[in-house]
Amino acid sequence: MNGFLTVIPLILIRFGLLSMLNKEALTRAAFFAPLIGKEKAAYWFYQISNVLFFVYLCFLKITTDPNWLYTGLVIYGLGVLLCLGSVSNFARPAENGINVKGLYRVSRNPMYVAYFIYFLGCVLLTRSLILLALLIVFQLSAHWIILSEERWCKKEFGEEYISYMKKVRRYI
């Protein structure tokens, strides 16, 4: 089975579901906070690793080894479920614009966590070391993007966001 099939649910969730739930949320999800210093390089590593991840998956096959297959499917499935939940929560922010409900009560960045778990499932399903390397680049660069988003949120939402930061962890 072709690895491209693993991409379809994420595309449908990230763009289709988010657009159906809230067209404005699709625009918000595409927004990147102003970047400074190393964050600018991280942005490009993030974008390139995303594109390469999806393109490279098109050339990979899903493993038939039961140990890898079942482990990969469980992690991949968890990633898909977390993507569904985090995108649904993201589409419905609080009145003040801060997402604090659903998975956002556990993580300030549940979509990034969901993407990581989803991508890890893809790595396990394909047993690809190149995909693993892309995942590491993706995650490291995503961290720098998250730092820029947090700086922007502090400026945009002030004390409300700072209070939220004190209650909820960055990842899990």
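Which residues of H4 are buried? In this predicted model, they are Gly72, Tyr76, Gly79, Val80, Cys83, Ser86, Val87 and Phe90. Their cover includes H1, H2 and H5.

**Helix H4**
- H4 runs over residues 66-90; its 25 residues reach 35 Å from the first C-alpha to the last, close to the 36 Å expected at 1.5 Å a residue.
- At the start of the helix, Asp65 places a side-chain oxygen within 3.0 Å of the backbone nitrogen of Asn67.

**The largest nonpolar core**
- This core holds 41 residues, and the ones touching the most other members are Phe53, Tyr118, Phe119 and Leu131.
- At least two residues come from each of H1 (7-21), H2 (23-30), H3 (38-57), H4 (66-90), H5 (110-126), H6 and H7 (159-167).
- H5 gives the largest share, with 9 residues.
- Leaving aside neighbours within four places in sequence, Tyr118 is in contact with Tyr76, Gly79, Val80 and Cys83, as well as with Thr6, Val7, Leu10 and Phe54.
- As a general background, nonpolar side chains in soluble globular proteins tend to be buried together.

**Glu150, a buried residue in H6**
- Glu150 sits in helix H6, which covers residues 129-157.
- Its relative accessible area is 4%, so Glu150 counts as buried, the cut-off being under 20%.
- The side chains of Glu150 and Arg170 are joined by a polar contact of 2.8 Å.
- Beyond its neighbours within four places in sequence, Glu150 is in contact with Arg108, Asn109, Tyr161, Met165 and Arg170.

Terms used:
Residues are numbered from 1 along each chain as its sequence is written. This is a predicted model: local features need pLDDT of at least 70, side-chain atom pairs count only at pLDDT 80 or more; totals for chains, interfaces and linings use all residues. Side-chain values use heavy atoms; hydrogens and water are left out. Helices (H or I, at least four residues) and strands (E, at least two) are DSSP runs, numbered from the N terminus. Buried means under 20% relative accessible area, exposed over 50%, partly exposed in between (1.4 Å probe, protein chains only). A polar contact is a pair of N or O atoms within 3.5 Å; within protein, one must be able to donate a hydrogen and the other to accept it, and residues adjacent in sequence count only if both atoms are side-chain atoms. Contact means heavy atoms within 4.5 Å. A nonpolar core is a set of buried Ala, Val, Leu, Ile, Met, Phe, Trp, Tyr and Cys residues joined through side-chain atoms within 4.5 Å. The expected span of a helix is 1.5 Å times one less than its number of residues.
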